[in-house]
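Please look over the sequence and the structure shown here before reading on. The report that follows takes up a few places in the model one after another.

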Amino acid sequence: MAQWEKVKSLPPQSLSELYPAEFPMEVRYYLARWIEDQPWEKFNVDDPSQEPQALQILEQIISFLQGIAQHNVNVVERLRLQHIGTKMSEFQSQPLLLVKTVQNILRKERDLLSQMAVTSHQNPPQPCPPASSPHGTGVPGREDGPQDLTVLIMKITKIREELHLLKSEMLKVQESELPEQVKKTQIHKMEFSGQAGSLKRIQMLQEAIHGLDHYQVHQLHKIQTWRRDQHLATIGGPLNEDLGPLQTWCEHLLGINMKLREEVLLAVQDCIGAEIIRECQERLDVLLQTLIQSSLIVDKQPPQVVKTHSKFSTSVRLLLGEKMAPGRPVHLKAQIITEVQARNLVQMGAMPSENVGELVSNTAVMEHNAANKSTCAIFRNMCIKKIKRADRRGSESVTEEKFAIHFSGDVALMGCELPCKVQTLSFPIVVIVHGSQDINAMATIIWDCAFSDFDRVPFVVPDRVPWKEMCITLDKKFMSEVQTQRGLDAYNHHFLAQKIFNKPEYKDDFSNMLVSWSQFNKEMLSGRTFTFWQWFDGVMELSKKHLRNYWSDGLISGFIGKQHLHVILQECPNGTFLLRFSDSEIGGITIAYVAQSENGGRRVQNIQPFSKKDLEIRCLGDRIRDIEAITVLYPNFLKNEVFKKYYTDEQKMEGRGYIGVSIRTKVEDPTAHPPLDPQQEIALAPSLSPYPPDNVYPPEAPPPQPDPSIFYPGNCTKQLPIVHFSQQPPYQNDTGGAFVPYSGPFTDPEGNSIFSPANTTPSPGPSLHDMDLEFPMLDPDMYGVPPVAMTTIGSPLDQTKTNSASKF
């Protein structure tokens, strides 16, 4: 009968195609065990000598059908079985045809079961439900399970009523004045029908309980699938937060369980199959306990990284809340437990006894919301005041230690005599004491969410995972965190793999390589002071706050290595640029562009990365507008066309009595001589007078005229930024830095004196803020003119307004 148990669960359409008109499905149903026990395959349908054995089997089938029809109290079924028995008599002229028919039916059943098994193996149930149904079962033809069982219970009730009616008829016959022999005959027939009816009643009860078990398994699977989706939502997975369909299923199954319990109790009163009925009762008790226990879920998880003394909230929902007994409120208690305690709770049912932390506001009452028909216990203002940590192994840090919040209470439902104890666990949480631990703690949570098994032992995770799975995780997390529909492409994935595996020259596929937890967030990246996750998290933080729209519009290339950068830009014209995330700093974006080299060729330059702080001062779009050296976004988009919507209007100070100022991004010419550091500037800075002194040039000789051939192109003089010094030495600049007087003289390459700052005492005169100083712009390489440190006042050259150096 094992084969029939599998076959009858097939879709109705498939079942109807298996059985021909001459051998209807009712024969297979009523004689399932007997049919499977017969040696059908030993028959040779082409051997006429085997007709007697085939005829004997046919007669047994007809006899069985007639007996079942006689004992069936349902008139419709009795007539149907009698008709089938008559139809089967047609095989008497050719009994081997019956054998051939049954052989074909059994073979088709086996083939169909095999195909279903292969299909199930090739297409296992997915963690996410089908798009067409928010909470699909994954099993065809099973959505109407509760309704099917309701129909079956109605049949059981009808049989019970017919049996009671039969007993009443027996009493009437016994009290009638019919002849004694007639009475005995009628009573005997009624007793026989009653026994058959009772047997049928028990069989249908068993079938209904088996069906309830089957559908409840599906329901629990759907709840587990929802919990898994809720877990994956941490890394950006989809989650349908509507628990209404799951609650409807739970309520249907609870109602069916209650009805079956009533029928079982009535069967006990009727003294029908005491042993079988007791087994039915025990099975229903287990199903009820499991259903109530599974209906308690954490619908709003606590933060998975919790800082001590910080308040947070969470919510626990009972999917059977509308069936709670009135006047008996449910109180839930929360307790923080360790990973070991969670494992003992799941595997052995051992309730946690030792408190490992002090949890404030850890009790709540289940409250019903009539608007959305939900019953929840909301824990507000929870707080972990202190935590007791376990002994750590090896290099394990506090940010790798996982805890959970355990919720428990007693639930009393309508129709249940005793309250049922319920409990559930939150997802793993990491408890930290300082904000600096947040990023590393989140790495633990990400690894746990992404790579834990569907039904694991708390809170076991693998130490190594395939890189292709890591790519999926990073992609989902990036899109979720940045709130964008544009994910990472294959080039981004390849560069990330090169970085985490420290293989910058590796060009092949990384998909099947295993990446470890240590590589993810314990080991420092090569040549860096941070881990892979810390760097990746910094990129997400920068993108979320300042680069979301740029990324979504495809204006940022993102994760790309310098080698790949040179390959794609080497043939591009000067001014071509792209935006990429810095691989040397946490949370930085840099501009790589093609510029002219000193020998007239092309080279790729990388501008110092812009951090989150930089982009808070001036947005990326305006910075790109400021830089004149970049003109075309790779591959061939004009800068001002694709970035113009990100340009902002300058704020004006009109009407407030102030002179307007502005901030601009300035990129130094990479071919120019590098500036001196501040110490060199101070050491070489001469003292200056706001007016040219009288003894700069000897009175008997005019000052030498600069040779135009050694001047820079353009005017022979250059207006320098305004500088200001105090009136008495040591001279102070505007930022308070002291200048060391310079004794000169300035000389040309042949040693001839050009001029000397002999008078170092400033002459009285107007404020230097109102004046510009002009000096001959001599070629520093020819004349060896030392730099002068000065402070820019109101100059728009750079946003920083710090000391700058010029040569004169």
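## The surroundings of Gln 335

Beyond its neighbours within four places in sequence, Gln 335 is in contact with Pro 352, Glu 354, Asn 355, Leu 359, Ala 404, Ile 405 and His 406. This comes from a predicted model, in which Gln 335 belongs to strand β4, made up of residues 331-338.

Gln 335 counts as buried because its relative accessibility is 15%, and buried means under 20%.

In soluble globular proteins, nonpolar side chains tend to be buried together. In this model the largest nonpolar core has 64 residues, and Leu 260 and Phe 379 are those with the most contacts inside it. Helix α10, residues 244-269, supplies the largest share of this core, namely ten residues.

When neighbours within four places in sequence are left aside, Phe 379 is in contact with residues including Phe 312, Val 316, Leu 332, Ala 334 and Phe 407. Another core, of 63 residues, lies apart from the largest one, and among its members are Cys 449, Phe 451, Met 540 and Leu 633.

## Where two helices meet

The axes of helix α9 (residues 180-232) and helix α13 (residues 438-451) come within 9 Å and cross at roughly 145°, and the crossing in which α9 passes α13 is left-handed. Arg 228, His 231 and Leu 232 of α9 meet Asp 448, Cys 449 and Ala 450 of α13; by class, this contact of α9 with α13 has three nonpolar, one polar and two charged residues.

Methods: Residues are numbered from 1 along each chain as its sequence is written. This is a predicted model: local features need pLDDT of at least 70, side-chain atom pairs count only at pLDDT 80 or more; totals for chains, interfaces and linings use all residues. Side-chain values use heavy atoms; hydrogens and water are left out. Axes are lines fitted to C-alpha atoms, for helices over the stretch in contact, and angles run from 0 to 180 degrees between N-to-C directions. Helices (H or I, at least four residues) and strands (E, at least two) are DSSP runs, numbered from the N terminus. A crossing is left-handed if the near helix is turned anticlockwise from the far one by less than a right angle, and right-handed if clockwise. Contact means heavy atoms within 4.5 Å. Ala, Val, Leu, Ile, Met, Phe, Trp, Tyr, Cys and Pro count as nonpolar, Asp, Glu, Lys and Arg as charged, and the others, Gly among them, as polar. A nonpolar core is a set of buried Ala, Val, Leu, Ile, Met, Phe, Trp, Tyr and Cys residues joined through side-chain atoms within 4.5 Å. Buried means under 20% relative accessible area, exposed over 50%, partly exposed in between (1.4 Å probe, protein chains only).
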